[in-house]
Amino acid sequence: MSSDALPTGAHVRPPRAIKALGAVCMLTALSASCGTPAGPAPRMYPLTGRTRMVELTAQDVRWEVGPSAIYNAWTYNGTIPGPVIDAVAGDRIVIRLSNPTAHPVSIHTHLVEFAQSEDGADLPSIAMPGQTITVTWTPRYAMTVPYHDHATHEGVRRGLVGALVVHAPDERPATEHVVVLSDLDSAEFAQLPGVADPVTGMIPAGGTFRGPHQYMHVINGKAYEESIAPYMGRVGSLSRWRVVSIGVEAHTWHIHGHRWVDADGTLTDNIQLSPGTYRTFELTPELPGNWMVHCHFPNHAEGGMVTRYVVAPQ
Ligand SMILES: [Cu+2]
């Protein structure tokens, strides 16, 4: 592994003050200063009568995962992930999905009411090449879930993924962070930075070989700190994290220097998410800093799943 395979700050230890703070939180696990429970038991909200229209077009693009790392991507609207689909619980979401590509595409989501004929897993809810389909979703719960292609098993690996964010009507104000964790197929890169010579181990000039998983594990479609925009927060200001795992492998979401109470009441700073699972949680930053955030599987962090959480002083 080359030295640049280790993200900046990988060896920086959290200051002692944070350990002390953590100990206090263990004693008062549900106090507001230690993070906030993810929310009350799931509540079904009434229909709002509102309809949100979403236009999606399948596009095959060369997606820049990082400098000189170009992926032959299948996308919704040209990006990995596709646009955040945003609604309030009780809204009706009408999605028109056009498919000018040469492969089938669909859209499927979780925890939402829709007709089986709009599931995205079978015809007629699959847009064949040249077709446009319409699906209607009625989310009744406040939540964050993935949406993704279900026409082929390749679609998710190629980039047909995104997040559906459903707000509670009475949601309290917070800084929102949407995190889509996914995995890319090493065979589908059109271009990668130089790789080490298998005999000499030498890296060509300009090369940035970062291990056998390089650029394969992405946060919002991007890999490594230089390409993933940092999450921004402020001491004392509520942060709501909406994390969706929609790749091939399980991931964790570990935020250095912070802690929150998970939905099951556990105090944590690292949650595990299998493919197709999701978590929404809140925390209130207590200490400023340029904190590391990453998946805790070492090969995934080495492969790109690492960025920063920049917390400004109050
Ligand atoms: Cu991971």
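Trainee: Which residues does V65 touch, not counting residues up to four places away in sequence?

Mentor: This is a predicted model, in which local features need pLDDT of at least 70 and side-chain atom pairs count only at pLDDT 80 or more, while totals for chains, interfaces and linings use all residues. Residues are numbered from 1 along each chain as its sequence is written. Contact requires C-beta atoms, placed from the backbone, within 7 Å of each other. On that basis V65 touches Y71, L184, Y215, V218, G221, K222 and A223.

Trainee: Which members of the largest nonpolar core touch the most other members?

Mentor: A nonpolar core is a set of buried Ala, Val, Leu, Ile, Met, Phe, Trp, Tyr and Cys residues joined through C-beta atoms within 7 Å. Among its 71 residues, those touching the most other members are V65, V179, L181, V243 and V244.

Trainee: From which domains does this core draw at least three residues each?

Mentor: Domain bounds come from an automatic or database domain assignment. The core draws at least three residues from each of domain 1 (3-39 + 180-188 + 192-312) and domain 2 (51-170).

Trainee: Is R210 buried or exposed?

Mentor: A residue is buried if 20 or more other C-beta atoms, placed from the backbone, lie within 10 Å of its own, exposed if 12 or fewer, and partly exposed in between. Because R210 has 25 C-beta neighbours inside 10 Å, the residue counts as buried.

Trainee: How far is R210 from E302 in space, C-alpha to C-alpha?

Mentor: The two residues are 92 residues apart in sequence. In space, R210 and E302 are separated, C-alpha to C-alpha, by 6.7 Å.

Terms used:
Contact = placed C-beta atoms within 7 Å.
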